[in-house]
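Please keep the sequence and the structure in view while reading.

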Amino acid sequence: FNNTESKNERKIAQNYFSSNDLHYVQEGSGLYKNHNHRINISFEIKVDSMNQINFSPGMSFQNNLYLNKLNVTNSVKESALINKSNSSLNSVVSSYDLSLPILYMRRFKKPRRSLSINFNPQLSEGSNPTFNYSENNYADTSISIIDQKCEIYNNNKKISVSISYIEPIGRSGGLQLSYQPSIQKSESDRSIFSFNAGSGQY
């Protein structure tokens, strides 16, 4: 289990000495949280003196939260507003990974002769909804607003097999034959929605 959290705040103020005496102020804050869980288990089954099976399932869960706010003001002599913007970005990442490897090992009566088969199905899935809001105010009292939601989804499936056979040659030599087929399927989707004030939904 792993749990981390970090915060930051920042402020920048700049004066431009010119005929207009421009004044720039930036204020922002950020928050990042990470929760991570990992589970690993191992089983060893000795069928007999010649056969053994190892099963080592593993799973991990992860949740990340990211919040960022930024306020920017441009003015003349700290009074006459040129423009002012307020923005925020909220992002949440949730994902998991699962693996179920099974290893079969076979020994033979002939010394150093062996056969191993490793079967490993894997699955990973994740989602990442992000909310982006930005409001800009101008000196002529006009306002522009961006309010969007972005959804990202990923899904990956994979099955791999590793087969290895060793045939001893001579006193210390050997011949190894290996075969490693695999199949994989991946899906990914990204959608962006704008906020609808009438329905109150994205």
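The model is predicted, and the values given here were computed from it. Ser-88 is placed in strand β6, which covers residues 80-99. Its relative accessible area is 18%, and because the limit for a buried residue is under 20%, Ser-88 counts as buried. Leaving aside residues up to four places away in sequence, Ser-88 touches Asn-68 and Lys-69 as well as Phe-131, Asn-132 and Tyr-133.

Four aromatic pairs are present in the structure. In one of them, the ring centres of Phe-43 and Phe-55 are 6.1 Å apart and the planes meet at 15 degrees, so this pair is stacked.

| Residue | Relative accessible area | Class |
|---|---|---|
| Phe-43 | 41% | partly exposed |
| Phe-55 | 27% | partly exposed |

Elsewhere, ring pairs link Phe-131, Phe-195 and Tyr-202 into a cluster, and Phe-131 is also one of the residues that Ser-88 touches. A further arrangement involves a charged side chain, as Arg-106 lies over the face of Phe-108 at 5.1 Å from the ring centre.

Methods
Residues are numbered from 1 along each chain as its sequence is written. This is a predicted model: local features need pLDDT of at least 70, side-chain atom pairs count only at pLDDT 80 or more; totals for chains, interfaces and linings use all residues. Side-chain values use heavy atoms; hydrogens and water are left out. Helices (H or I, at least four residues) and strands (E, at least two) are DSSP runs, numbered from the N terminus. Buried means under 20% relative accessible area, exposed over 50%, partly exposed in between (1.4 Å probe, protein chains only). Contact means heavy atoms within 4.5 Å. Rings of Phe, Tyr and Trp (its six-membered ring) pair if their centres lie within 6.5 Å; planes under 30 degrees apart count as stacked, over 60 as edge-to-face and the rest as tilted. A charge sits over a ring if NZ of Lys or CZ of Arg is within 6 Å of the ring centre and within 35 degrees of the ring normal.
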